[in-house]
Amino acid sequence: MNGIRWIYGKRLRLLGLGTITLALAIFGPWSGGGSVASAALPNSGSLQVVGLEGAFCPLEHTDVEVDISGFIARVTLTQRFTNPYKEPIEAVYTFPMSSRGAVDAMTMTIGDRVIKGRIDRREAARRIYEAARAAGHTASLLDQERPNIFTQSVANIMPGNSVEITISYVEYLKYEAGEYEFSFPMVVGPRYNPAPFSHVGPVFDESPGGTLRTGRDPVPDRSRITPPVTPEGTRAGHDISLTVKLNAGVAIQDIFSDLHEVEIERKDSERAVIALKNQKEIPNRDFVLRYAVAGKAIGDSILTHAGEKGNFFTLILQPPDRVTPDEVTPKEMIFVIDKSGSMSGFPIEKAKKTMRLAIERMNPNDTFNLVTFAGGLGYCFDKPVLNTRENRAKALQYLQNLNGGGGTEMMAAIRAALSNQNDPERLRVVCFMTDGFIGNDMAILDAIQKHRQTARVFAFGIGNGVNRFLLENMAREGRGASEIVTLESDADAAVQRFHERIQSPLLTDITIDFGGLEIVDVRPSPDKIPDLFASRPLILTGRYTKAGGGIITVRGKTAAGPFERKVLVDLPGEESANDVLASLWARNSIDELMAQDWLGTQLGHPDPNMREKVTKLGLDYGLVTQFTSFVAVEERVVNEGGETITIQVPVEMTDGVSYEGVFGVGRARKVAAAPSPLPRGIAQSRVQSLGYVVSGIASAAPMELRAIRSEEAERFSGARRLLKDMAFDARNEAGEPLALRDDADRIQPKPKPKPDAAAIAEQINPKLAPELRNLAARVTGASYHLKGVKVENYRVEVFIRLFDDSTATIEALKRMGIEIVSHTRSSKTVFARVRVDQLEKVTALAYVRYVEPARY
């Protein structure tokens with residue numbers, strides 16, 4: 001992080017510079033924990049553009065409409081861009097969509113004119129767009145940067161005008177153990193991008209018979225996947241609404257929204273409409289909808305479509321029941337935890353709890369090790385050790401002491417976790433916990449693919465807006481399973497599923513016999529069908545060249561022995577329904593092709609043969625891919641000369657992620673550190689407050705005080721006033737209490753008051769966790785760690801649960817001197833550092849619900 005970027009753009013067009021780029025007052029790309037430059041920040045609300053008077057973020061609103069029918073969801077999002085400026089603008093917005101979605105439509109609406117986007121090769125679409133922009137036409141371009149990151153560019157939005165961009169995609173829903181899940185990502189999390197290679201020359205891809213690739217930057221498109229983040233305490237200025245129309249096809253039992261408040265309207269037993277309660281929601285976390293259906297399982301089913309593009313089918317095969325094996329195969333468990341800056345605060349505490357449970361539930365004959373990564377690697381043990389009580393205790397203590405900070409150098413962790421697989425008696429299982437906020441994600445997938453050997457990789461995504469593309473494909477390439485653990489998820493249930501999966505996979509060594517049916521191009525390919533670890537269906541999609549009926553036989557192995565299931569199918573010659581199956585087959589085919597050269601695509605030099613096949617699929621089926629884009633151009637010229645100001649739309653910080661963790665310690669953290677250790681004889685609680693530090697020589701004689709003033713403490717007149725406000729408590733070597741005289745120039749002994757019944761009653765505060773009550777009296781040093789309570793420099797890390805988490809509330813807490821590390825709106829909670837002597841004052845606030853130690 002190189003500080004806050006302030007780029008001034010007013011009147012630059014008059015200087016003959018043509019089209020220029022204007023950024024908002026925003027944080028620049030994350031480079032791994034640098035400090036944030038001090039600057040005056042705008043108030044909360046819509047974010048103003050620097051240099052353009054009275055101007056605001058051009059993206060006003062995103063509306064999302066979701067239609068769910070059975071296993072398939074059609075998602076349509078409409079982005080409304082408005083130009084409140086006096087100059088024509090180009091808006092550029094980086095945003096997420098589902099990595100599993102087939103993006104098959106884009107339209108641009110200007111007033112009553114609707115322009116349908118056309119799919120083209122990425123370079124050709126870019127040329128069309130840039131030519132239209134230069135000629136003064138309103139135009140739009142949709143590029144894919146990653147399967148879950150897209151860039152929308154809209155050129156020549158005239159002053160006072162609005163342009164609406166509508167994008168649509170289809171995807172399969174997730175289904176497991178009688179419960180469906182639909183998720184919609186709302187924000188691109190802050191990506192850490194490794195530094196360019198220090199050596200000059202080609203890069204060897206390390207695969208058997210690997211090739212040399214030129215290029216020095218591991219993330220050459222870093223600028224396109226790191227959108228600007230609105231500064232802390234401000235809003236990006238755009239919001240989102242979302243409505244789901246659900247037709248489950250079977251009776252719906254329960255409907256849950258993990259991270260948002262929703263309104264549910266039941267139409268009948270099988271249909272419902274679910275909408276965000278706040279239709280101007282802040283887009284800073286995933287929308288996750290889950291609903292349970294009647295019956296233990298949905299039966300096997302087949303969907304078909306026969307149309308202009310050919311004949312397609314999707315076969316949905318339910319897994320067999322889980323069988324507990326008579327003997328459990330011993331494992332070599334490698335637990336890997338991301339402790340980088342973006343995991344600081346809520347995420348790492350959630351990860352620590354989840355990993356603690358996973359460690360505690362290992363089997364007796366397992367061995368294990370704990371690996372951490374941020375800017376470098378850390379190990380709990382030199383090598384995997386036996387699962388003994390003593391070793392578990394060491395690992396849990398190591399885990400407890402972890403904090404988030406630094407970059408996300410995941411590659412070294414991948415190689416460490418997959419190297420030295422030399423235990424012939426145990427299967428290596430790698431349990432990876434991370435938010436996945438990296439820019440070299442495809443290189444990570446390449447490394448897993450090439451180094452996995454016999455290991456199985458299980459990925460846990462920790463947080464409210466994780467990189468699902470990376471996490472799901474880590475599990476896919478590592479032949480394991482993935483699990484998303486939000487900050488509100490039940491960690492116990494997630495860990496229980498993990499241990500069930502590794503202990504007794506549902507179905508392995510799967511083969512499919514199509515029984516003479518003329519079926520081709522099945523995805524996943526028959527030789528790449530993954531083992532089933534979770535109670536999720538196996539979804540096969542493919543094409544058929546001839547209509548007919550027959551039996552498809554599925555075979556595999558379970559813990560109970562060989563497994564076989566026969567499914568009767570009918571492939572029609574004509575079927576107009578389910579036309580989305582063509583797009584879904586093409587999307588799955590593209591995914592399989594991309595996996596052939598992750599590293600080449602990451603470095604910007606994909607295999608030419610793979611690239612051409614993906615491009616052809618994109619063009620033939622009208623899909624956005626890494627190599628094909630949608631472009632739309634209005635015919636009439638609206639901006640003679642084509643000169644515009646380009647504005648990159650900022651995004652929100654992902655819910656629960658710490659600004660301090662991502663961008664480093666900023667102005668809010670300029671608090672003077674207490675001397676360590678303090679002179680003996682002084683109780684080291686309540687010493688530091690708002691930048692003032694007490695120091696001196698402790699003895700029975702009066703001690704001299706010195707105040708160190710920080711930026712935050714300038715409103716105080718001096719140390720005297722501060723110490724009186726703090727009700728400073730110290731003792732001399734004899735243990736006698738010291739107190740301030742009226743002039744506060746000296747500290748004199750005074751008798752210690754005896755607690756009465758009323759005083760004792762006051763110590764019992766129902767809004768304060770028992771572990772935190774009377775904490776100031778128990779702290780005898782600058783640092784204090786006991787039973788999950790962590791104190792550093794006389795500040796304790798806590799979760800403050802709020803009734804109201806509005807911007808005004810957060811700012812009021814900051815004015816009290818409370819350090820806000822991160823904030824999650826999904827549970828109205830802040831992760832904060834509070835002076836131990838201030839805990840009672842915090843709980844006295846009407847908007848505070850509960851204060852507890854910062855742990856899950």
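Mentor: Quick definition before we dig into this predicted model: rings of Phe, Tyr and Trp count as a pair if their centres lie within 6.5 Å.

Trainee: Okay, so how many aromatic pairs does the structure hold?

Mentor: There are 19 aromatic pairs in the structure. One of them joins Phe-460 and Phe-498, edge-to-face, at 5.5 Å centre to centre with 75° between the planes.

Trainee: Where do Phe-460 and Phe-498 sit in the chain?

Mentor: Phe-460 is in strand 29 (residues 456-462) and Phe-498 in helix 8 (residues 491-503), so they are 38 residues apart and the pair links distant parts of the chain.

Trainee: And is Phe-498 buried or exposed?

Mentor: Phe-498 is buried, at 1% relative accessible area. Phe-460 counts as buried too, with 3% relative accessibility.

Trainee: Switching topic: which residues touch the most other members of the largest nonpolar core?

Mentor: That would be Phe-184 and Tyr-291, in a core of 66 residues. There's also a second, separate core of 52 residues, and Ala-413 and Met-594 are among its members.

Trainee: What aromatic cluster is Tyr-291 in?

Mentor: Tyr-291 forms one with Phe-71, Tyr-175 and Tyr-180.

Trainee: Now helices 6 and 7. How do their axes cross?

Mentor: The axes of helix 6 (residues 441-451) and helix 7 (residues 468-477) cross at roughly 10° and come within 9 Å. Angles under 35 degrees count as roughly parallel, and that's why we call helix 6 and helix 7 roughly parallel to each other.

Trainee: Which residues meet there?

Mentor: Ile-444, Leu-445 and Ile-448 are among those on helix 6, and helix 7 brings residues including Phe-469 and Leu-470. The contact divides into seven nonpolar, two polar and two charged residues.

Key:
Residues are numbered from 1 along each chain as its sequence is written. This is a predicted model: local features need pLDDT of at least 70, side-chain atom pairs count only at pLDDT 80 or more; totals for chains, interfaces and linings use all residues. Side-chain values use heavy atoms; hydrogens and water are left out. A nonpolar core is a set of buried Ala, Val, Leu, Ile, Met, Phe, Trp, Tyr and Cys residues joined through side-chain atoms within 4.5 Å. Buried means under 20% relative accessible area, exposed over 50%, partly exposed in between (1.4 Å probe, protein chains only). Axes are lines fitted to C-alpha atoms, for helices over the stretch in contact, and angles run from 0 to 180 degrees between N-to-C directions. Helices (H or I, at least four residues) and strands (E, at least two) are DSSP runs, numbered from the N terminus. Angles under 35 degrees count as roughly parallel, over 145 as roughly antiparallel, 65 to 115 as roughly perpendicular and the rest as oblique. Contact means heavy atoms within 4.5 Å. Ala, Val, Leu, Ile, Met, Phe, Trp, Tyr, Cys and Pro count as nonpolar, Asp, Glu, Lys and Arg as charged, and the others, Gly among them, as polar. Rings of Phe, Tyr and Trp (its six-membered ring) pair if their centres lie within 6.5 Å; planes under 30 degrees apart count as stacked, over 60 as edge-to-face and the rest as tilted.
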